[in-house]
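Hi there,

Here is the model I promised to pass on to you. Please have a look, and then read on for my notes.

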Amino acid sequence: MKVERNSPARPARSVAQAAYARRIEATDSVGAVDPVPASVLGIPEAEFTPRVRDAIMGLMGEVDTLRRELSQTKARLDEVEKTADQDGMLPLLNRRAFVRELTRYIAFTGRYNTPASLIYFDLNYLKRTNDELGHAAGDAMLAHFAQVLLDHVRDSDCVGRLGGDEFGVLLSHANQDQALKKADSLAEALKSSPTIWNGHEIAVSFAYGAFELKQGDSPEIAMTRADQAMYAQKKMQRSAAE
């Protein structure tokens, strides 16, 4: 998910205002006032007196000021929305925003008949890392884990932190087989990129599972099935280690 695009504020003077000002400056140099053509503002040429001109210029300036303020307000609202959707520590969607996107992906599978899938990651030994190396080391491991996920997904995909050591990846246009292949690819990228903390390498350990989203699923059902797939994979890991 890998939460920023705003058009720049308009200049202090609009194009029409600047053109009119240049025209006034040129005529003032010879001591004459050439009124704005009536066809531009819908005002009869005879009524376009200096007072009317000044009033219109003032209104145009106020309009430009309002446009700038509107642009600035929109930028602030966009930033607030981004902050509300982002995890407090990592550059990922928080759980609330991730569930919202998951709901949207599920709706798209039915509306447009396009597949989408969810990958669920559970990072192991975070507590042990915190206990043995300190919370700063644990935070560094979380940040590195998140960044590797972000670096290996498309812009159309979403990555979120679902809990302290749980992560979700939403894949657009990916069926079950494609999701499994992508999950394995992400796992390889994570395993080959350990966290480096104070000159020491912190090996990463995790379990993961993938599940294709189905039309009519609720976010809770989808996350439960992905979680079950993750636990099945974790069980296989333990069996292989014994």
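In which helix does Glu-101 lie? Glu-101 belongs to helix H4, residues 95–111. Before going further, please note that this is a predicted model, in which local features need pLDDT of at least 70 and side-chain atom pairs count only at pLDDT 80 or more, while totals for chains, interfaces and linings use all residues. Residues are numbered from 1 along each chain as its sequence is written, and side-chain values use heavy atoms, with hydrogens and water left out.

**Overview**

The chain has 8 helices and 6 strands; these are DSSP runs numbered from the N terminus, with helices (H or I) of at least four residues and strands (E) of at least two. Along the sequence they follow the pattern α-α-α-α-β-α-α-β-β-α-β-β-β-α. Of the 242 residues in the chain, 37% are buried. Here buried means under 20% relative accessible area, exposed means over 50%, and partly exposed is in between (1.4 Å probe, protein chains only). The accessible surface of the chain is about 14200 Å², and carbon and sulfur atoms account for 54% of that (Shrake-Rupley method, 1.4 Å probe; for residues, only the protein chains shown count as cover).

**Glu-101 and its charged partners**

Back to Glu-101: with a relative accessible area of 11%, this residue is buried. Leaving aside residues up to four places away in sequence, Glu-101 touches Leu-93, Cys-158 and Leu-170, where contact means heavy atoms within 4.5 Å.

A search of the whole structure finds 10 salt bridges, a salt bridge being a side-chain nitrogen of Lys or Arg within 4 Å of a carboxyl oxygen of Asp or Glu. Glu-101 forms one with Arg-100, where the closest N and O atoms are 3.4 Å apart. Another links the side chains of Glu-101 and Arg-104 at 2.4 Å, N to O. These two residues are 3 residues apart in helix H4, so about one helical turn separates them. While Glu-101 is buried, Arg-104 counts as partly exposed at 36% relative accessibility, and Arg-100 also counts as partly exposed, at 36%. Through shared partners, salt bridges join Asp-85, Arg-96, Arg-100, Glu-101 and Arg-104 into one network.

What does the salt bridge between Asp-87 and Arg-161 tie together? Its closest N and O atoms are 3.3 Å apart. Asp-87 lies in the loop between helix H3 (50–85) and H4, and Arg-161 in strand E2 (residues 158–161), so the pair ties together parts that are 74 residues apart in sequence. Both ends are buried, Asp-87 at 12% relative accessible area and Arg-161 at 15%.

**The nonpolar cores**

By nonpolar core I mean a set of buried Ala, Val, Leu, Ile, Met, Phe, Trp, Tyr and Cys residues joined through side-chain atoms within 4.5 Å. The largest has 31 residues, and those with the most contacts inside it are Ile-119, Phe-121, Phe-145, Leu-149, Phe-167, Val-169 and Phe-206. At least two residues of this core come from each of strand E1 (116–123), helix H6 (135–151), strand E3 (166–172), helix H7 (176–191) and strand E6 (206–212). H6 gives the largest share, 8 residues. Beyond residues up to four places away in sequence, Ile-119 has contacts that include Phe-167, Val-169, Leu-171, Ala-183 and Leu-186. There is also a second, separate core of 19 residues, with Leu-93, Leu-102, Phe-211 and Ala-222 among them.

**Strand E1**

Is E1 enclosed or open? I would call E1 largely enclosed by the rest of the structure, because 8 of its 8 residues are buried. In a regular strand the side chains alternate between the two faces of the sheet. Here, Ala-116, Leu-118, Tyr-120 and Asp-122 point one way from E1, and Ser-117, Ile-119, Phe-121 and Leu-123 point the other way.

E1 has antiparallel pairings with E3, over 7 bridges, and with E6, also over 7 bridges; two strands pair if DSSP finds at least two bridges between them. Ser-117 stands opposite Leu-171 in E3, and Leu-118 stands opposite Phe-211 in E6.
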